[in-house]
Structure formats: C-alpha cells, structure tokens
Amino acid sequence: KYKPNPVRRVEIPKEEKGKVRKLGIPTVVDRVIQQAIAQELTPIYEKQFSNNSFGFRPGRGCHDALRKCLKLANEGYVYVVSMDLASYFDTVNHSKLIEVLSRTIKDGRVISLIHKYLNAGVMEDGGFQATEEGVPQGGPLSPLLGNVMLNELDKELERRGHKFVRYADDCMIFCKSRKCAERTLENIVPFITGKLFLKVNLQKTTVVQRIK
C-alpha cells in the first residue's frame, strides 16, 4: 500500500561545457526503502551479471575496467567501438525493465514497489512532473536497475562472441580490424534500439584505433 514520494530534481554540471546531469533525490524514508531493496537484490543479480561490467558493482571499479581495456588492447584488439547511449538513465523503458526484473523476481509485491518508484514523478520548480520513462539518478536503487537493463546488452554481446568492457552506460567493444568494428557497430545498434528501446547517440558513437 506504500506510495513513494516524488523525487526532488537537482542539476549538477557535466564535464562538457554547458551540459548538466539531472539527479532525482528521494526523501529520507524512500532512500531507506530503496537501499533495503537494493541490498536484497544485489546478491541475486551479481550471480547473473557479466564479468565484463564494472560500474556500480561491489568489489569492482573504474581501475578494474581500465586494466581490462589495456589487456584486450595488448592482445591485439586495437579497434574500439565506443558506444554512447543518449541520456540513458532518463530514457529507460519502464515496461521493458519490469519485464526483465520479473524473470528473476517472482514476488509481485517487490515488482509493484519498484514500479511505483519508477512512476513516482519529479518535483521541479515547485511543480510536479510525471515520469513515464527513465530511472532517476540519485537514489540507491537506480545503479542496480541500470545494470539489470544493460545486462541484457552484455548477454547479447557475449552470445555474439564480442570482447567488451562496460562501465554503467559506457560500453566499449574491442575488435582486431576496423572493418570488424564497423560491422559490429552496424549490427548491435538495431538490438539496442529495437529490443531494449534505448537510444544510441550516433554522433558520439565512434570507431577508434589505439595509438601505441
């Protein structure tokens, strides 16, 4: 029966000049409840998550991701598809996320509560705004939900036999030739947009070569 409160919108500057990151700050009570959910679900999902993802996971961090990138480059995977998901946390499809969560979480009360948090809305400039998509950054549950969704991408990349490193919504796919990298980019974008309902920023998604 519990109904979460809307989160409070806060904007912080990004490294890119003039760009801001929108956070959603939950109330103290909602933060406690979200943390409780995250603590129960994290051990369950850690067993499912890929060894190639490093963001917002216990015992893993950015330095581990960098070491994996260097290892792959030294093995000859010197062409990299650098994926940029446009406003990832703001554009997560609620229905798709609930579908993915429901495969593992069989307690309908937990699914219902998570769904309520997704739909809780935002308070901004003194007014209320509904949230029909997205996972508000700023709460304890958001990083886990973000990883649950992108674990679908990890599994697809592994199924296709790709070498990759993912840190939160930043994903790099490693290849041994430019032609292979360009073909990989062309083939993976339809999966991201058509199956996960996420947006790829094609202007920032590039194929680059490691310079020795």
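1. Glu 152 is buried, with a relative accessible area of 12% (buried means under 20%, exposed over 50%, and partly exposed in between, with a 1.4 Å probe and protein chains only). The model is predicted, so local features need pLDDT of at least 70 and side-chain atom pairs count only at pLDDT 80 or more, while totals for chains, interfaces and linings use all residues. Residues are numbered from 1 along each chain as its sequence is written, and side-chain values use heavy atoms, with hydrogens and water left out.

2. Glu 152 forms a salt bridge with Arg 103, at 2.9 Å from N to O (the criterion is a side-chain nitrogen of Lys or Arg within 4 Å of a carboxyl oxygen of Asp or Glu). This pair links distant parts of the chain, as Glu 152 belongs to helix 6 and Arg 103 to helix 4, 49 residues apart. Arg 103 is partly exposed, at 40% relative accessibility. Both residues belong to a network of salt bridges that also includes Lys 96, Glu 99 and Lys 155.

3. Helix 4 (residues 94-104) packs against helix 6 at an angle of about 80°, the axes being 10 Å apart (helices are DSSP runs of H or I with at least four residues, strands are E runs of at least two, and both are numbered from the N terminus; axes are lines fitted to C-alpha atoms, for helices over the stretch in contact, and angles run from 0 to 180 degrees between N-to-C directions). The two helices are therefore roughly perpendicular (65 to 115 degrees).

4. The contact (heavy atoms within 4.5 Å) involves Lys 96, Leu 97, Val 100, Leu 101 and Arg 103 of helix 4, and Leu 145, Val 148, Met 149, Glu 152 and Lys 155 of helix 6. By class, these residues are six nonpolar, no polar and four charged (Ala, Val, Leu, Ile, Met, Phe, Trp, Tyr, Cys and Pro count as nonpolar, Asp, Glu, Lys and Arg as charged, and the others, Gly among them, as polar).

5. Eleven salt bridges are found in the whole structure. One of them joins Glu 156 to Arg 160, with the closest N and O atoms 2.8 Å apart; Glu 156 is buried at 11%, whereas Arg 160 is partly exposed at 32%. Another joins Asp 107 to Arg 109, at 2.8 Å from N to O. Here Asp 107 is partly exposed, with 30% relative accessible area, and Arg 109 is exposed, with 66%.

6. An open sheet of four strands has the order 6-7-3-8, with antiparallel pairing (two strands pair if DSSP finds at least two bridges between them). Strand 6 (163-167) and strand 8 (206-209) each have a single partner strand, so one side of each lacks a neighbour in the sheet. Neighbouring strands are turned by 25° against each other on average, direction ignored.

7. Strand 7 (residues 170-175) is joined to strand 6 by five bridges and to strand 3 (residues 79-84) by six.

8. Two helices lie across strand 6 and strand 7. Helix 2 (residues 62-74) runs at about 160° to strand 6, and helix 6 (residues 142-159) runs at about 170° to strand 6.

Terms used: Parallel < 35°, antiparallel > 145°, perpendicular 65-115°, else oblique.
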